[in-house]
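Let's take a walk through this model together, from a single residue at the start to the way the pieces pack. Keep the viewer open as you read.

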Amino acid sequence: MSAGTMNAVYYHAPRQFTLEQVPIPQVADNEVLLKVLCCGICGTDGHVHEGAFIAQFPLIPGHEVVGIVSDLGKGVTGFTRGDRCVADPGVTCGHCFFCRRGKSVLCENFKGRGVNLSGGFSEYVIFESKNVYKIHNLTDEEATLVEPASCAIHGMDKLNAPVGIEALVIGAGPTGLILAQLLKLNGATRVVIAANKGIKTEVAKQLDAGHGLKKDNPYGFDVVVEATGSAKIANDAIDYVRRGGTLMIYGVYDHDALVRWSPSKIFIDEIKDEYLIFFFLWLILTTHCFPRAVAYLDSGKIRVKGMVTDVYKISDYQKALDKMNSRGALKIAVKP
Ligand SMILES: [Zn+2]
Ligand SMILES: [Zn+2]
């Protein structure tokens, strides 16, 4: 049984964290203890850092966990010590209004590992065994992309696009690159990715790319995915949507960011907006998407090789946050 202490990134309050020695958690009957190999960091962790969202403190953050089974509860079957796994951070209650109607994605008592339950920027973390999935082919670093991929799969479910579409994905972060591959694998005839090479903060350049797009694609695209997180680009993205097409808003935006779209354009052009805002996409609606994300990535059907550009130790967690906020990395993994 696990006894003793472990190192963890420990927040006492928003923006106030230290590397601390905390007790190694003990498994209940239906839980597994993962020894963390790697945990991805994303925009959600930036929001958690600020105390936004459904974050609760004190907290060990980290929701994109890759680890090895190191202890199992009495009731756990199907796993043995040493299994390399990823885990779905979402925990639903099973008894609220929505859960009882089979819509656990809208659970009123939703909890998330790394948001309001202890997460993976630590040496060990606990999950219910039903949330844990074995991986075989992905490297530890690559496997941090499974959780973002499950969010992208949820986006695809909501999009529900017909076959043969032409799509534009704006933004070439991990999510944009995974969504572009999903679109291709699911019947798009053409997928165009628009993004700056390198640093993605210069909105003007992004828009320059956009002007060319307009000229080269006078009828626009059946589906436009905004995956940069820039409200300005989200605002302009509607201009690339073909009449009768769909705009999917899929980014991490500042809380006070606003867009202005002409309702008459939406009406006349019959544009179907998928208001897939970050909050819903991020964890909550990924329930039931994880098995497909594991299958896509572990089989190599969706390629994530090379996407992890930076690796930090949990003792350098601030550096990892700074690097992410600088937008100079594609995907960052953090190791104990
Ligand atoms: Zn994430
Ligand atoms: Zn519920």
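A residue counts as buried if 20 or more other C-beta atoms lie within 10 Å of its own, as exposed if 12 or fewer do, and as partly exposed in between, with C-beta atoms placed from the backbone. Gln21 has 10 other C-beta atoms within 10 Å, so Gln21 is exposed. This is a predicted model, in which local features need pLDDT of at least 70 and side-chain atom pairs count only at pLDDT 80 or more, while totals for chains, interfaces and linings use all residues. Residues are numbered from 1 along each chain as its sequence is written, and chains are lettered from A and ligands numbered from 1 in the order in which they are written.

Gln21 sits in strand 2 (residues 16-23); helices (H or I, at least four residues) and strands (E, at least two) are DSSP runs, numbered from the N terminus. Setting aside neighbours within four places in sequence, Gln21 is in contact with Thr5 and Asn7, where contact means that two C-beta atoms, placed from the backbone, lie within 7 Å.

Now for the whole chain. It has nine helices and 16 strands, and 45% of its 336 residues are buried. Of the contacts between residues at least 6 apart in sequence, 71% join residues at least 24 apart.

Next comes the interior. A nonpolar core is a set of buried Ala, Val, Leu, Ile, Met, Phe, Trp, Tyr and Cys residues joined through C-beta atoms within 7 Å. The largest such core has 91 residues, and those touching the most other members are Leu34, Ala149, Ala167, Val225, Leu297 and Val334. Strand 3 (residues 31-41) contributes the most, with eight residues. In soluble globular proteins, nonpolar side chains tend to be buried together. Val334 is in contact with Cys39, Ile41, Phe121, Tyr312, Ile314, Tyr317 and Ala320, leaving aside neighbours within four places in sequence.

Finally, look at helix 2 (residues 146-159). Eleven of its 14 residues are buried, among them Ala149, Cys151 and His154. Just after helix 2, Asn160 takes a positive phi of about 50°. Which residues of helix 2 and helix 8 make the contact between them? The axes of helix 2 and helix 8 (residues 290-298) come within 8 Å and cross at roughly 115°, axes being lines fitted to C-alpha atoms over the stretch in contact, with angles from 0 to 180 degrees between N-to-C directions. Val146, Ala149, Ser150 and Ile153 of helix 2 meet Phe290, Arg292, Ala293, Val294, Tyr296 and Leu297 of helix 8.

Terms used:
Expected span 1.5 Å × (residues − 1).
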